[in-house]
Amino acid sequence: YVDQYTIDCWGDSRIENGSPGTPMPTYLQNKLGQQYVVNNYGVSSQTSGEVAMRYGSNEVYLTLENNEIPADTDPVNVTNIICSAGDRFGFSNLYNLSGHTPVECYLCGVRGYLSITNVNTQTFRRATSCTAINVPPESRAWVTDNDSDIHTVVIWVGKNDQTTAGDTWYKTGVLSNIKSMVKRLNHNRFI
């Protein structure tokens with residue numbers, strides 16, 4: 001099944017709010033008309049590794065406060081996040097502003113949501129109450145599949161990775177993150 005009328009735009013501020021100008025999803029929606037659905041999955045200030053993590057193409061490992069998912073649905077602080085892509089810029093801006101949609105994921109078999117509670121604090125909140133579960137440090141969080149594997153995808157990343165001109169990591173790291181996002185697709189409809 002291929003949804004030819006839905007476009008998912010993934011990236012940083014150029015996708016989210018246009019920075020500067022009109023956001024790309026808004027521009028595409030205006031040009032293509034109402035027969036298309038254009039989704040905006042942009043988050044300002046994110047690096048290519050952070051976008052790829054949200055997209056589900058980079059592995060993510062979490063350490064929770066007290067190494068436990070509580071029995072209730074109250075959020076628990078995430079004390080460490082590691083990305084398989086080696087995103088050297090860390091995750092201090094993982095979801096840099098409150099109000100962004102939490103990322104649905106599974107941690108040790110528990111469905112929940114990774115989100116921000118304030119500027120530099122990420123939390124995991126289980127979806128439904130159950131028995132408390134011990135979680136070893138640096139446990140893999142499986143980001144729930146998004147529908148981009150059946151939608152056309154626009155990827156705009158890299159602006160926030162660059163630190164100095166000629167930076168080797170910038171050239172290889174950003175390309176590696178883009179390749180991981182493209183590899184996750186099972187089609188060739190991407191920009």
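Predicted model: local features only at pLDDT ≥ 70, side-chain atom pairs only at ≥ 80, totals over all residues.
Pro 70 counts as partly exposed, because its relative accessibility is 21%, and on this scale buried means under 20% relative accessible area, exposed means over 50%, and partly exposed lies in between, with a 1.4 Å probe and protein chains only. Its place is in the loop between strand 4 (68–69) and strand 5 (76–83), where strands are DSSP runs of E with at least two residues, helices are runs of H or I with at least four, and both are numbered from the N terminus. Leaving aside residues up to four places away in sequence, Pro 70 touches Val 76, Arg 126 and Ala 132, a contact being heavy atoms within 4.5 Å. With Arg 126, the separation is 56 residues in sequence and 8.1 Å in space, C-alpha to C-alpha.

Residues are numbered from 1 along each chain as its sequence is written, and side-chain values use heavy atoms, with hydrogens and water left out.

Now to the chain as a whole. There are four helices and eleven strands in it, and 43% of its 191 residues count as buried. Of the contacts between residues at least 6 apart in sequence, 71% join residues that are at least 24 apart.

Three strands make up an open sheet with the order 2-1-11 and parallel pairing, where two strands pair if DSSP finds at least two bridges between them. At the edges are strand 2 (37–42) and strand 11 (152–156), each of which pairs on one side only, and the twist averages 15 degrees from one strand to the next. Angles here run from 0 to 180 degrees between N-to-C directions, and the axes are lines fitted to C-alpha atoms, for helices over the stretch in contact. Strand 1 (residues 6–11) pairs with strand 11 in the parallel sense over five bridges, and Trp 10 stands opposite Ile 155 in strand 11.

Two helices belong with this sheet. Helix 2 (residues 24–32) packs on the sheet and touches strand 1, strand 2 and strand 11, its direction making about 175 degrees with that of strand 2. Helix 3 (residues 48–55) lies across strand 1, strand 2 and strand 11, and runs at about 140 degrees to strand 1.

So what surrounds Trp 10, and which rings form one aromatic cluster with it? The cluster consists of Trp 10, Tyr 41 and Tyr 55. Rings of Phe, Tyr and Trp, the last by its six-membered ring, pair if their centres lie within 6.5 Å, and planes under 30 degrees apart count as stacked, over 60 as edge-to-face and the rest as tilted. By this rule the count comes to three aromatic pairs. Trp 10 and Tyr 41 are stacked, because their ring centres are 4.5 Å apart and their planes are at 25 degrees; this pair links strand 1 to strand 2, across 31 residues. Trp 10 is buried because its relative accessibility is 4%, whereas Tyr 41, at 32%, is partly exposed.
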